[in-house]
Amino acid sequence: MSREVILAARPQGVPVASDFELREVVDAEPAAGEAAVRNVFVSVDPYMRGRMTGVDTYVPGFGVGSSVDGGAVGRVVASRDPRLAEGDWVVSQLGWCEQGVVSADRLRKIDPSVAPPSTALGVLGMPGFTAWVGLEVIGQVKEGETIYVSGAAGAVGSAAAQIARLKGLRVIGSAGTAEKVEWLRSLGIEAFDYRETSPKEALADGIDAYFDNVGGEQLVAALTALRPHGRVIACGAISRYCDERAEPGPRNLFLMVTKRLRLQGFIVFDHNDRLRDFAAEVGPWVRDGRLAYRETILDGIENVPTAFAGLFRGDNIGKMLVRVGPDE
């Protein structure tokens, strides 16, 4: 037997514990071409909140009573595929569970001697790749430019801010606590606490690009601060994900016309053909310490809902993870 977290009710606003249920399941045996994987780390990500509405977008919505799939890292405990052996570390989409059976074609082996396995869900995984695609492909940033990154102490934001700095940009980043601001400043980011300093004031000198993780008032401020022909890299809008009704759009959107701005959203999975390029550039930066990362880790499958809700309160610095099994 093992345990999994299921969606028990559709959240209203910020998710609460009663929106989820911990359920025991009988562990299945792998069939030919499959492997049984025992999760060690599971990921909680802001995009999952939209799936909990049940609406299909670029990914299917979650059904009430269904398990919550998503990124996970674990070890093979049984294999019926020659490509995988017991003990191999793998990345999967098993999601919020302790164990599961997966087709070998849907597993990616990782080498724990190269980087800690948890980084495959963070700086060397989807969040890091999202940051790199946003800058390299969508924003096409250039050395000498000034970029503003909101949510700069989160998983995507901290990677985006540092990658931009390594590419020779001046980087301004916002965060919501003094501890986060202090960490960002230690990385060479011109950070400010948006609860203490208004983005309008912090961006008064102007910016060439905006990496948007937050939306709302920070997007309004960035549109005002952008110079002619500036770009908005629309990655997310976490300040709006738990709204019960749609808020009006930016009141200064007409600046898109007068400043000839470009605003482009993106879904990182559309760019999987660039994964090798991402790994070739970012991997060495992580390994030699030029690109730092932080992880906020809670222990126990029962704490997955707490970790998930914490994303919307700003509880995390860097990547939020839950450790659900031993890593030995």
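Let's start just after helix H8, where Gly 289 takes a positive phi of about 85°. A word on helices and strands: they are DSSP runs (H or I, at least four residues, for helices; E, at least two, for strands), numbered from the N terminus. Keep in mind that this is a predicted model, where local features need pLDDT of at least 70, side-chain atom pairs count only at pLDDT 80 or more, and totals for chains, interfaces and linings use all residues. Residues are numbered from 1 along each chain as its sequence is written, and side-chain values use heavy atoms, with hydrogens and water left out.

Back to H8 itself. This helix covers residues 275-287, 13 residues, and it reaches 17 Å from its first C-alpha to its last, close to the 18 Å expected at 1.5 Å a residue. That expected span is 1.5 Å times one less than the number of residues. What do we find at Glu 281 in H8? A kink of about 30°, shortly before the proline Pro 284. The bend at a residue is the angle between axes fitted to the seven residues ending there and the seven starting there.

Phe 278, Val 282, Gly 283, Trp 285 and Val 286 are buried in H8. Buried means under 20% relative accessible area, exposed means over 50%, and partly exposed is in between (1.4 Å probe, protein chains only). The cover over those buried residues includes helix H2 (126-139) and helix H3 (155-166), and contact here means heavy atoms within 4.5 Å.

Now please look at helix H6, residues 216-225. Because 8 of its 10 residues are buried, H6 is largely enclosed by the rest of the structure. Among the buried ones are Gln 218, Leu 219 and Val 220. The buried residues of H6 pack against several elements, including strand S9 (170-175), strand S11 (207-212) and helix H7 (255-258).

Next stop, the loop between H5 and S11, where you will find Asp 205. Is Asp 205 buried or exposed? It is exposed, with a relative accessible area of 59%. Leaving out residues up to four places away in sequence, Asp 205 touches Arg 170 and Arg 227.

Gln 140, in the loop between H2 and S8, has a phi near 50°, a positive value in a residue other than glycine. Gln 140 is partly exposed, at 46% relative accessible area. His 229 is found in strand S12, and its phi is near 70°, again positive in a residue other than glycine.
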